[in-house]
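Please look over the sequence and the structure below before reading on. The text then goes through a few places in turn.

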Amino acid sequence: MPQMAADPRYITTPIYYVNGRPHIGHVYTTTICDVWARFQRLLGNDVFFLTGTDEHGQKVEQSATERNMVPQALADENTAEFRRVMGMFGLSNDHFIRTTDAGHKRQVQAFVQRLMDSGDVYLGTFEGWYDPGQEEYYTETKARETEYMSPISGRPLQKATEENYYFKLSAYQDRLEQLFADNPGFVRPDARRNEILGRLREGLQDVPISRTNFTWGIPVPGHEEHVIYVWIDALFNYTTALGMAEPDSDVWAQRQQYWPAAYHIIGKEILWFHAVIWPALLMALDAPQPACVYAHSFWISDGQKMSKSLGNFIDLDRLQSCIDTYGRDALRWYLTTNGPLGATDADFNDAQFHETYTTDLVNTVGNCTSRVSAMIAKYFDGVLPADSGIAVGDVNWPELCENQAAASIDAMDRFDLAGSCAAAMSIVRSVDAFIHDTEPFKLAKDPEAAEALSAILYRCAEALRIASSLLEAVMPDTMAQLHESWNISAAVDLRAACSWGQLQPGQGIVKVALFPRVQLASSEA
Ligand code: MSP
């Protein structure tokens, strides 16, 4: 068969503001992208997974002033914290972009220059309402709706009148509507798409893309007193990381195949920028559109929205303590299978975490792999027996595994991470049920049943091998441990790894205990 070229697949997280501290929200988005990226790599695709930090803007300038620092020093300090987070959670991003990178700054200026040359960016006078907390502008209509208060912080909006550079967003109304009509999956989930369609129907106005009341940002080329609005600067990261504005650069030579992105994964609060402004900027630059902007909902904390005033952020210390108690893969599993990928928020609470860990990982994956390897140890001295093909039970294992693997791969392709995990878990549960029905521990006492016993244990181990390959992206550490104990070589191609019959009779299977049972710390009385 001719060698197929690896399919390039690009996935991005938002770039995170350096004026806040990393918390579950940042870890969540980055983790789900990581799961997808690892899965795609296992499929043999050529993945580029991007994350990074958003370092310009008035808020960073102010925080730096308060701390008697220059903004760059504050940005350096806080971006280091975000990078540390990558290490804590085993995230496999291919690049970490900073908006203070020289290459990013140069390219943002080049993009803005192109937009000025084409007339998509022009100098105009802005009158409207500014939300300093969000660094966002509102129209008169929008501001009136919220009684001239920030919908986020509740603080008064500031009346703003100033000369600014504008982006001609209004010129893209029809093309944006067409984009949405032609690509029903452009914004997901559907509830979010409908929100955007509703707002689009209200009509688009041009947006200011520069500011003159602070300096910490990228200057508008040729008009240094203007700083490029932080959101425009930030959105461009998805293309500057690939070198798009410098077509002769080495970076573009190496990375151009990744555009357009397969997924921009973001939280729901920043959808407008990604679903409307970003596509319009790309249209203005004649660049292809990403395939999907996926806006997940929020984690809330024990039933309440996380907020500074409540002091209830699920912060890094809390996440670290989950890792200390349950392991890193347990946290990845919980975030991936219980997270807010749909239209509703998800609650992070210890009892549910514990329950998920115990049910899925201890009682299912851990128990099943331990039982099968213990029986192979006990009845076959840790050597995998052969399957003669004798009929035992009524499961067609090759077919069951093939179907579940296809379901798991399809679900992951659609970014249905929980669905992908569920298909893999259903293989494990089928193994459990098979052991329950065929009772190998009883057959072991009957010398005449030796052939059936061998067949059962081979099939159990082989099915678990396939399940473990599908679970590797979400739980890389534990599955690596299983693969080592069972002498399973790393999957080069996940589809091929999911075909039946690859464990070799005679190979060693070492007993494993993957997920130790944990006692739930009793809550304070
Ligand atoms: N810098 C902008 C994004 C620019 S992208 C071109 C920004 N940064 S942020 O630091 O505030 O990060 C926002 C992202 O963090 C959200 O979009 C989401 O991915 C994640 N989360 C923040 N809080 C969250 C929850 N409570 N729950 C889940 N994720 C959320 O906005």
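Thr-358 is found in helix H14, which spans residues 350-380. The model is a predicted one, and the values given here are computed from it. Is Thr-358 buried or exposed? Its relative accessible area is 16%, and buried means under 20%, so Thr-358 counts as buried. Leaving aside residues up to four places away in sequence, Thr-358 touches Asn-363 and Arg-517.

Asp-381 is found in the loop between H14 and helix H15 (397-413). Its phi is positive, about 50°, although Asp-381 is not a glycine. Most residues other than glycine have a negative phi. The relative accessibility of Asp-381 is 71%; exposed means over 50%, and therefore Asp-381 counts as exposed.

Glu-147 also has a positive phi, near 55°, and is a residue other than glycine. Where is Glu-147 found? Glu-147 is in the loop between helix H5 (140-145) and strand S6 (158-167). With a relative accessibility of 64%, Glu-147 counts as exposed.

The next topic is the peptide bond. Most peptide bonds are trans. The bond from Arg-188 to Pro-189, however, is cis, with omega near -5°. Pro-189 lies in the loop that runs between strand S7 (187-188) and helix H7 (190-201). The peptide bond from Trp-259 to Pro-260 is cis too, and its omega is near 5°. Pro-260 lies in the loop between helix H10 (250-255) and strand S12 (263-267).

Now consider the inside of the protein. How many residues does the largest nonpolar core have? This core has 100 residues, and those with the most contacts inside it are Phe-89, Phe-348, Phe-415 and Leu-470. Helix H18 (residues 450-471) gives the most to this core, with 14 residues. For an example of the packing, take Phe-415. Not counting residues up to four places away in sequence, Phe-415 touches Ile-11, Ile-32, Trp-36, Tyr-263, Ile-265, Tyr-294 and Leu-341. There is also a second, separate core of 68 residues, which includes Phe-167, Leu-204, Ile-270 and Ala-275.

Which ligand atom lies 2.7 Å from a polar side-chain atom of Asp-54? The atom at that distance from Asp-54 is a nitrogen. In the side chain of His-26, an N or O atom is 3.3 Å from an oxygen atom of the ligand. For Glu-269, a polar side-chain atom lies 3.2 Å from an oxygen atom of the ligand. On its own, the ligand has 670 Å² of accessible area, and the protein covers 93% of that area.

Definitions and conventions
Residues numbered from 1 in each chain as written. Predicted model: local features only at pLDDT ≥ 70, side-chain atom pairs only at ≥ 80, totals over all residues. Heavy atoms only, no water. Core = buried A, V, L, I, M, F, W, Y, C linked by side-chain atoms within 4.5 Å. Buried < 20%, exposed > 50% of the residue type's maximum accessible area, 1.4 Å probe, protein only. Helix = DSSP H or I, 4+ residues; strand = E, 2+ residues; numbered from the N terminus. Contact = heavy atoms within 4.5 Å. Polar contact = N/O pair within 3.5 Å; in protein donor to acceptor, adjacent residues only side chain to side chain. Areas by Shrake-Rupley, 256 points an atom, 1.4 Å probe, with all protein chains shown as cover.
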